[in-house]
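User: I'm new to reading protein models and would like to go through one with you. Could we take it feature by feature?

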Amino acid sequence: MSLVGLEELRAAQRRIAGVAVRTPLLPCPWAADGTRALWLKPEGLQPTGAFKIRGAYNRLAALSEAERARGVVAQSSGNHAQAVAYAAGILGIKAVIVMPDTSPAVKVENTRAFGAEVVLVTPAERDVLPVELVSRHGYVWVPPYDDPYIIAGQGTVGLEIAEDAPDELDTVLVPVSGGGLISGTAAALKLACPGVRVIGVEPELAADAQASLRTGRHTAWPVADTYRTIADGLRTPSVGALPFEHLQAYVDDIVTVSEAEIRATVALLARRGRLVAEPSGAVAPAAYFHRAAELEGRVFAAVVSGGNLDPALLAELLAV
């Protein structure tokens with residue numbers, strides 16, 4: 001399989017311009033401790049509340065007219081679902097989204113509000129039903145991460161960091177689920193500004209990517225295990241095949257954070273950073289705050305990948 005290169009990344013950047021927001025890289029003086037500094041990339045500011053619009057729009061905008069006429073199907077716990085629904089609405093494409101029945105209600109409601117047909121299934125059926133729907137109806141499948149257009153679209157996060165970061169930036173923290181975001185972001189950073197370290201972050205309860213990278217073997221975790229984490233966007237049981245190739249080529253390491261650390265970081269970002277981050281979006285900064293001993297570096301950027309958080313959960317986390 002071919003790795004995504006700068007040409008594909010730049011093409012994606014041009015394609016999504018005016019649809020995806022070029023999010024700022026925010027300095028966080030409140031997070032500096034005299035030896036380290038932090039910058040945050042708040043992808044919750046996207047029109048769908050997460051980075052996923054970058055890859056979804058890049059994939060759909062590249063479809064031929066004949067493919068657009070067939071409609072699309074995607075599976076997602078929520079953020080890819082909303083992104084595909086939103087992009088399909090802009091482009092006039094029918095979208096059917098398969099979502100696990102454990103998805104946060106706010107994500108299901110938003111996906112429907114963007115005009116997609118939502119089909120709720122058990123977590124075990126999430127990745128099975130789309131294949132059946134493609135066969136039955138002829139839809140074009142839009143995978144959440146295992147696709148070069150998706151990876152290139154998500155990689156525009158890395159291009160923007162490379163363009164906006166201070167010269168002293170030496171480490172970028174990126175959440176890991178199916179691997180689309182870290183694959184594209186790591187490729188962009190390594191190709192655009194060599195020398196910057198890229199560290200993936202995932203929950204301890206869904207650490208399949210760490211196992212895969214450190215052993216060199218593509219490793220999957222049981223769905224029942226990954227669904228224990230509060231970070232619903234990071235419950236994918238394994239990284240995709242193409243993302244795994246990118247991890248091996250471009251990612252320096254993957255660290256994990258605990259459920260308590262994720263919860264505490266959601267609250268900290270709200271109180272001190274004035275940012276609403278869903279648990280999945282908080283894992284990267286959680287590594288900065290709670291895994292300093294495992295991280296080398298002095299100037300960090302952390303991707304806050306999304307902010308689609310149920311208000312009741314936010315209130316609960318703030319109350320602690």
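User: In which sense do strand 8 and strand 9 pair, and over how many bridges?

Analyst: Before we start, keep in mind that this is a predicted model. Strand 8 (residues 197-203) runs parallel to strand 9, and five bridges link the pair. To see one of those spots, find Pro203: its bridge partner in strand 9 is Val257.

User: What is the strand order in the open sheet of six strands?

Analyst: Read across the sheet and you get 1-2-10-7-8-9, with mixed pairing. Now look at the edges, where strand 1 (26-27) and strand 9 (253-257) stand. Each has a single partner strand, so one side of each has no neighbour in the sheet.

User: And which strands does helix 12 touch where it packs on that sheet?

Analyst: Helix 12 touches strand 2 (37-42), strand 8 and strand 9. Compare directions too: helix 12 makes about 85° with strand 9.

User: At what angle do helix 12 and helix 14 pack?

Analyst: For a pair of helices, look at the angle and at how far apart the axes are. Helix 12 (residues 259-271) and helix 14 (residues 311-319) pack at about 90°, and their axes are 9 Å apart. That angle is why we call helix 12 roughly perpendicular to helix 14. On the helix 12 side, the residues in contact are Arg263, Val266, Ala267, Ala270 and Arg271. They meet Leu314, Glu316, Leu317, Leu318 and Ala319 in helix 14. Sorted by class, this contact has seven nonpolar residues, three charged ones and no polar ones.

User: How do the axes of helix 1 and helix 7 cross?

Analyst: The axes of helix 1 (residues 6-16) and helix 7 (residues 148-164) cross at roughly 90° and come within 8 Å. Helix 1 and helix 7 are therefore roughly perpendicular to each other. Among the residues that meet here are Leu9 and Ile16 in helix 1, and Ala152 and Leu159 in helix 7. The contact of helix 1 with helix 7 has seven nonpolar, four polar and five charged residues.

User: What is the order of strands in the open sheet of four?

Analyst: That order is 5-4-3-6, and the pairing is parallel. Strand 5 (117-121) and strand 6 (140-141) are the edge strands, each pairing on one side only. Strand 4 (residues 95-100) and strand 5 are joined by five bridges, and Val98 stands opposite Val119 in strand 5. Helix 4 packs on this sheet, where it touches strand 3 (72-75) and strand 4. The direction of helix 4 makes about 170° with that of strand 4.

Definitions and conventions: Residues are numbered from 1 along each chain as its sequence is written. This is a predicted model: local features need pLDDT of at least 70, side-chain atom pairs count only at pLDDT 80 or more; totals for chains, interfaces and linings use all residues. Side-chain values use heavy atoms; hydrogens and water are left out. Axes are lines fitted to C-alpha atoms, for helices over the stretch in contact, and angles run from 0 to 180 degrees between N-to-C directions. Helices (H or I, at least four residues) and strands (E, at least two) are DSSP runs, numbered from the N terminus. Angles under 35 degrees count as roughly parallel, over 145 as roughly antiparallel, 65 to 115 as roughly perpendicular and the rest as oblique. Contact means heavy atoms within 4.5 Å. Ala, Val, Leu, Ile, Met, Phe, Trp, Tyr, Cys and Pro count as nonpolar, Asp, Glu, Lys and Arg as charged, and the others, Gly among them, as polar. Two strands pair if DSSP finds at least two bridges between them.
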